[in-house]
Amino acid sequence: MSFYFGLIFGVAVGIGLMFVYARYAKVRAKHRQELATTMAAFSRMTVQDARKILPAELYPPWVVFSQRQKLNWLNAQLAKVWPYVNEAASELIRNSVEPVLEQYRPAVISSLKFSKLTLGTVAPQFTGVSIVEDDAMGVTMELEMQWDGNPKIVIDVKTKVGVVLPIEVKNIQFTGLFRLIFKPLVDQFPCFGAVCYSLREKKHLDFTLKVVGGEISAIPGISTALEEMIRDSIEDSVGWPVRKIIPILPGDYSDLELKPVGTLEVKLVRGKDIEDTDLIGKSDPYAVLFIRPLRDKMKTSKTISNETNPIWNEHFQFMVEDAATQHLTVRVFDDEGIQASQLIGCAQVPLRDLEPGKVKDMWLTLIKDLEKLRDTKPRGQVQLELLYCPFGTESEFINPYDPDFRMTSLEKALKNTINGTDGADSVTQRKKHIFLRGVLSVTIISAEDLPSKDLMGKSDPYVVLKMRKSKQSKRTRVLNDVLNPVWNQTFDFVVEDALHELLTLEIWDHDILGKSKIGQCVMTLTRAMLEREFRDTFHIEGTKSGKLLLYVKWTPQPIFRDN
């Protein structure tokens, strides 16, 4: 009996396993077919389709959709002719580069000239080309180039003490994007009047300096001076928006030359939560701001010692040559005294994001490196007020940083009469002498959601108002046992120089045995000068959700002073 039972059970199990296997094979075949269909659909996808499926904000930093086409054919031909290019270009480069280096010659060097210059045996590689569609009157092309060359470059450097050093430039590594502009388009062959070229973006530049038969570090200052000279000469001679013009057909091409298009007014207000890089104490931060990384065009703030929440409140002005492509860079350093300063973090603001004639108040997050984007850990924040003023539009909006705005019509006439000048020549002088004086009325209306500082779950808040530059200070009355106090108190401050003044509102908790700080609000007077009066709610720094409601009114009284 058991034999028949085992037989029937075995047959049943076998049939079941065959059924399950057949079902699994069918499902697997269907899954493979669906996967093949999906893969085929992905293979037909374009870059535009991928961007529609996955938003750009979800891309990791290393994902880049290139619009440039490959240039393998050009690289192959360039490798063939490179020995002849080397012979032909070496003398040309020598004659054109020596005068440029002479312009940026540092003070410790009396003269320099090339004793040997060859480009080596390794040809540069063009890694991509693209056409920029932004000008109906010309053709703009961008070429990306990479060069890990082995040139033989020796510069004879004569120091001020009469010592001649043969300096060799070795191990050059360069990656950059060159822009070629064929403009204007004409009806004569080759159909364009001139070619402009410029280094649109310098992605990477590295090289080694070595004294032939010696060590350059043995002579203090020479290595740093030469490296800064080379980098500055490249940046200022061919770095965008500077462009070199090569006329192809006779004509006037002055309109293609670099010309300033406006000014950028920058107020560096303060920093917040700046990373502490010192082992003992806190950082000593200062900021360096620039649009073009040239030493004479960089602006440096004062150093705030032992402070991770510095208040600078400094104003700078920059010339803008191309608002569509340029950007403002902010670098924050820790001052190390006699040692080299340590970079804390940096940030950038594209000028194309600024609305002309409108002051933009913004916080920038500092990161370690703007180019590699591998370390995006926040290293603090910097508050800026930015105002872009294109030339020719000054009469269309109010510029609180411009000296004309700080003067009445009568004062402008008096100033021009005293100096015997009129127009742009007196602007710089007026800027030194005219201060925006006025009365600032601040009404502390109320606060909301203050944190509890007392054992009973309440606080006894009051507000201290401080003008940072003039050292004026006033305070409200103390309100007991409240977290949503209402003061409705008004205070007037006579401000002598509103452009450089700063208002700090500190919220304190009053105790019998002392006091404890709840938080603070910090504001410049720029908005008050522009709007004359406003009512707004401000977040109280140092609290989770605390808010302070203010009414601010500005009554201007421009005055004229001597230095």
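1. Helices are DSSP runs of H or I with at least four residues, strands are E runs of at least two, and both are numbered from the N terminus.

2. Housekeeping: this is a predicted model, with local features needing pLDDT of at least 70 and side-chain atom pairs pLDDT 80 or more, while totals for chains, interfaces and linings use all residues. Residues count from 1 along each chain as its sequence is written, and side-chain values use heavy atoms, leaving out hydrogens and water.

3. Back to α3 (residues 72-103): its end C-alpha atoms span only 38 Å, whereas a straight helix of 32 residues would span 46 Å at 1.5 Å a residue. The expected span is 1.5 Å times one less than the number of residues.

4. Now the open sheet: four strands, ordered β10-β9-β12-β13, with antiparallel pairing. Strands pair if DSSP finds at least two bridges between them. β10 (299-300) and β13 (342-350) are the edges, each pairing on one side only. Inside, six bridges join β9 (285-290) to β12 (327-334), and Pro285 has Asp334 as its bridge partner in β12.

5. Last, β21 (502-511) and β22 (514-524) make a hairpin with two residues between them. Their antiparallel pairing runs over 10 bridges, and Leu502 stands opposite Thr524 in β22.
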